[in-house]
Amino acid sequence: MAENQRTQDHILLITTDQQRFDTIQALGAKNIFTPHLNYMVGEGISFTRCYADCPICVPSRTTIMTGLRGFESGVISNATHEDTMIKATRERTTLPAVLTDAGYQTYAMGKMHFSPARACYGFEKTRLPLDYMREYDKKRTQASPKVHGVGECEVEPVISTVDTKDSITTWITDGAIDFIETRDPLRPFFLWTSYTKPHPPFDPCREYWDLYRDISVDGAVYGDWSQDIEKAPQGVLAGSYENTNMHHFTEEQIKASKKAYYAMITQMDYSLGRLFGCLRENGLFENTWLVFTSDHGEMLGDHHMSQKNLFFEGSAHVPLLIVPPKKYNVRRNIKIDTLTEINDLYPTILAMAGIAAPVGNGANLLEPIKERVFYGNSLDVNFCVMEDNVKLVYCARGDHYLLFDMNKDPMERCDLSKDPGYAAQFETLKQMLLKQVRETRPDIIVDGKIRTLEAPKFPGDVPGHWFGFHYKDYSVDTFH
């Protein structure tokens, strides 16, 4: 497609929070209902190997906004992005700033997780989950969200305390539809619709929980290195111990949590039907790009783990779908297995608008792409290098290495770090990772090696626990 053909196309970016890769029915997840994500698969391009280089909320969102990976910007935790975002906004290189300056009407609806929370960072306007909570504070006699008491990290299943019509998922969709129906008709738009779910608490509305009552779901995945939690490398489990009770769950309890997780995804997906209906009724399918992804995944009991910030598949591997406008006569229902990353969204979305990316080195996914080496750094604790689909995971908390051949073992059941047949590859990947960390995070290199930390001595052995207790703090965008 010629660049000038795309200059007036609208762009709708849809993101979820904490949705792992294997949760779309049309891509093989047979026990979940996702009719509208299935629609996107059939009408567009599915990038089946997309990874987050720092699978945590703020770093991934910063990468979408700036085009820089976490280890490039220094944003490798939820507490490190304000300076980076202020600088990029001043330089007018954030994604919405570039699009606003190019004439786009830019609007963010839903979770941004910016710091400070009310910063726009190039958007003309934002509406946040904080606004939902403030709005419902005034409606306490009608509906009271989030009074079940389950925290923002906990993975126990619980039923939402509001009906679907009053849920945050419906509120976000309502806001996106309102923007589309009241936008400036003389300008193209960039709308980021950012759902808070399926991030914990796992609290679907009652009717979505009921959908899964009689549906069987698969249990958690374990490997030769993780089957026995007492013998598993405790460093990789530390975050789960700190934030959740997953290591206490029985298999049936894990399945109950998975059903709640699936129910939240289905609730979001059904809500997309209303959003897509609005696009169709306003004639916008003809000239609107649709992009769907998530900031990171959720371990969901695999290898006894929960949460994110890890480089195992459940945490770092996310869905990525792109649907071109109807007006383009292009192939659809395509699956691309070449490795992609979250930072590819920045140049790709700008290419949809006919704009060259001013910063970053992500790939424009509208053009042919080549296989690459993937590097990841989360918290300066969890690291990854992956080449030719062979993945080395390193945890500095306990100095643990794990090696997986994803070509043969896509769910990481067999650790090959001590397999003689992979010895050369193991050593090569170790040296590649060390070189990359020396170049990007030299402060954590001690005596020529990555700085190590003490691992838990036994399951649950962490100095403190944070289950995500948020109640009335409206200074942070952390309500889900």
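This is a predicted model: local features need pLDDT of at least 70, side-chain atom pairs count only at pLDDT 80 or more; totals for chains, interfaces and linings use all residues.
View 1. Ile-349 touches Ile-11, Leu-13, Leu-95, Leu-99 and Phe-190, residues up to four places away in sequence being left out of the count. Ile-349 is also among the residues with the most contacts inside the largest nonpolar core, together with Leu-99, Phe-190, Leu-191 and Leu-275.

**View 2. The nonpolar cores.** The largest nonpolar core comprises 97 residues. Helix H10, spanning residues 251-281, gives the most to this core, contributing 13 residues. Another core, of 25 residues, lies apart from it; its members include Leu-237, Leu-310, Phe-374 and Met-386.

**View 3. Ser-257 in helix H10.** With a relative accessibility of 0%, Ser-257 counts as buried, because the term applies to values under 20%. Neighbours within four places in sequence aside, Ser-257 is in contact with Val-155, Glu-156, Pro-157, Phe-202 and Phe-249. A polar atom of the Ser-257 side chain lies 2.7 Å from the backbone oxygen of Val-155. Phe-202, one of the contacting residues, is 55 residues away from Ser-257 in sequence, yet the two C-alpha atoms are 7.1 Å apart in space.

**View 4. The open sheet of 4 strands.** The strands are arranged in the order S12-S13-S14-S15, and their pairing is antiparallel. Strand S12 (374-378) and strand S15 (400-405) stand at the edges; each has a single partner strand, so one side of each is left without a neighbour in the sheet. On average, neighbouring strands of this sheet are turned by 10° against each other, direction ignored.

**View 5. Pairing of strands S13 and S14, with helix H13 packed on the sheet.** Strand S13 (residues 382-387) and strand S14 (residues 390-395) run antiparallel and are joined by 6 bridges. Within this pairing, Val-385 has Leu-392 of S14 as its bridge partner. Helix H13 (residues 423-440) packs on the sheet and touches S12, S13, S14 and S15. The direction of helix H13 makes about 125° with that of S13.

**View 6. Asp-131 in helix H6.** Helix H6 covers residues 129-137 and includes Asp-131. The relative accessible area of Asp-131 is 15%, so this residue is buried, the limit being under 20%. Residues up to four places away in sequence not being counted, Asp-131 touches Arg-118 and Trp-171.

Key. Residues are numbered from 1 along each chain as its sequence is written. Side-chain values use heavy atoms; hydrogens and water are left out. A nonpolar core is a set of buried Ala, Val, Leu, Ile, Met, Phe, Trp, Tyr and Cys residues joined through side-chain atoms within 4.5 Å. Buried means under 20% relative accessible area, exposed over 50%, partly exposed in between (1.4 Å probe, protein chains only). Helices (H or I, at least four residues) and strands (E, at least two) are DSSP runs, numbered from the N terminus. Contact means heavy atoms within 4.5 Å. Two strands pair if DSSP finds at least two bridges between them. Axes are lines fitted to C-alpha atoms, for helices over the stretch in contact, and angles run from 0 to 180 degrees between N-to-C directions. A polar contact is a pair of N or O atoms within 3.5 Å; within protein, one must be able to donate a hydrogen and the other to accept it, and residues adjacent in sequence count only if both atoms are side-chain atoms.
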